[in-house]
Amino acid sequence: MITIPLVKKITELFLILFASAALVKTGVFKADYSKVLSRISLYFVTPCVIFNSFQKELTPEIQQGLLIVTALAVGFQLLFYLIAEVLRRVWKATEVERASIIFTNAGNLIIPLVGYVLGEDWVIYVSGYILVFNVMFWTVGIRMFDSRSSVSIRKILLNPNILAVLAGLLMLFTGLPLPEPAAIAFRDVASMIGPLSMMITGMIVGSMKFRDMFANRRIYGVILFRMVLCSGTAVLCAALSGIAGRIPSGQWIVMIPLLSAIAPSASNINQVAILYNKDAKYASAINILTTLSCILTIPLWILLYEAIV
């Protein structure tokens, strides 16, 4: 059972979040710091985490696991997209709301959780979900905010996170080792991901008035759809698929894309909402409240998954 260490690690990360929020409230930090840290996290630390996760010997088990994780990631993303499309028609869900339901914070939150709960050797499997996430986000996601924008293969391939996956796969399949100083540098930067992501969210929390987070009452619906409906459906699909019992360590391999699927709304949505003038404050509020709610929802869904499997 991994529920207890999972709760412990989530609690540790959220202590960093609350401390960061307190430093903004007291004026030690400025809220604008979060923008710089977001870019550092998104375009430097996360790629290092991804690339570092591939620094191991390729075995048939790892190859099989990556294929399964990637396939599950595609399935989850399509499932969430269909749910969001239904909500667009019956609930008049906006671009921000639909994106918040489809895309999760799989990188910033799940990478440190997997590393702590299952061990660093398992982080490589998160890359399969991140690859699918980035392709979906930079194609389907961007078109939600700007229907006139065309799909740019160049932008997708030049995204640092995609480049990190491609470079990591190259190193994995060729078996080329990194020089020791470079390997240590990648590992040290990668270790920053958990605390840094919580600091960023904490700064956003500290910059907002409590009542502003609940200004739009539709936010309760988004939280329900993202953290309960989508997450619950993903748990049932993963647990009842039977994949976990068919391969070695299947329970843990399936759990990794599942953790990514039940994570809070992606922080990337805030940045895109700012770019396209689509209610960035509402997007930030959704990100904050789904992140806070995952303190309870992630352990409960994993507990259910373990009970079924």
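Trainee: Which residues in H6 meet which residues in H8?

Mentor: This is a predicted model, and in the model Ser-127, Leu-131 and Asn-134 of H6 meet Asn-161, Ile-162 and Val-165 of H8. By class, the residues of this contact are 3 nonpolar, 3 polar and no charged.

Trainee: How far apart are the axes of H6 and H8, and at what angle do the helices pack?

Mentor: Helix H6 covers residues 126-145 and helix H8 covers residues 160-174. Their axes are 10 Å apart, and the angle is about 140°. The crossing of H6 past H8 is left-handed.

Trainee: What is the angle between H14 and H15?

Mentor: H14 and H15 pack at about 175°, and their axes are 8 Å apart. The cut-off for roughly antiparallel is over 145 degrees, so H14 is roughly antiparallel to H15.

Trainee: Which residues make the contact of H14 with H15?

Mentor: From H14 come Ile-269, Asn-270, Ala-273 and Ile-274, and from H15 come Ala-280, Ala-283, Ser-284 and Asn-287. Sorted by class, this contact has 5 nonpolar, 3 polar and no charged residues.

Trainee: Next, the pockets. What is the volume of the largest pocket?

Mentor: A pocket is an open set of grid points, whereas from a cavity the probe cannot get out. The largest pocket has a volume of about 1,200 Å³. It is lined by 48 residues, and those closest to its centre are Ser-267, Asn-270, Gln-271, Val-272 and Ile-274. Asn-270 and Ile-274 also take part in the contact of H14 with H15.

Trainee: Which helices each supply at least two residues of that lining?

Mentor: They are H2 (33-53), H6, H10 (193-207), H11 (210-213), H14 (268-275) and H15 (280-308). The largest share, 7 residues, comes from H2. By class, the lining of the largest pocket has 21 nonpolar, 19 polar and 8 charged residues.

Trainee: How many residues line the second largest pocket, and which are the closest to its centre?

Mentor: The volume of the second largest pocket is about 320 Å³. It has 19 lining residues, with Asn-52, Glu-120, Val-123, Ala-190 and Ser-191 closest to the centre. At least two residues of the lining come from each of H1 (3-25), H2, H5 (106-117), H9 (180-190) and H10. H5 gives the largest share, 4 residues. The lining of the second largest pocket divides into 9 nonpolar, 5 polar and 5 charged residues.

Trainee: Which element gives the largest share of the lining of the largest cavity?

Mentor: H6 does, with 4 residues.

Trainee: How do the residues of the cavity lining divide by class?

Mentor: The lining of the largest cavity has 6 nonpolar, 10 polar and no charged residues.

Note on methods: Residues are numbered from 1 along each chain as its sequence is written. This is a predicted model: local features need pLDDT of at least 70, side-chain atom pairs count only at pLDDT 80 or more; totals for chains, interfaces and linings use all residues. Side-chain values use heavy atoms; hydrogens and water are left out. Axes are lines fitted to C-alpha atoms, for helices over the stretch in contact, and angles run from 0 to 180 degrees between N-to-C directions. A crossing is left-handed if the near helix is turned anticlockwise from the far one by less than a right angle, and right-handed if clockwise. Contact means heavy atoms within 4.5 Å. Ala, Val, Leu, Ile, Met, Phe, Trp, Tyr, Cys and Pro count as nonpolar, Asp, Glu, Lys and Arg as charged, and the others, Gly among them, as polar. On a 1 Å grid over the protein atoms alone, a cavity is a set of points where a 1.4 Å probe fits but cannot get out, and a pocket is an open set with protein on both sides within 12 Å along at least five of seven lines; lining residues have an atom within 4 Å of a point. Grid points are joined across faces, edges and corners, and a volume is the space filled by probe spheres set on the points. Angles under 35 degrees count as roughly parallel, over 145 as roughly antiparallel, 65 to 115 as roughly perpendicular and the rest as oblique.
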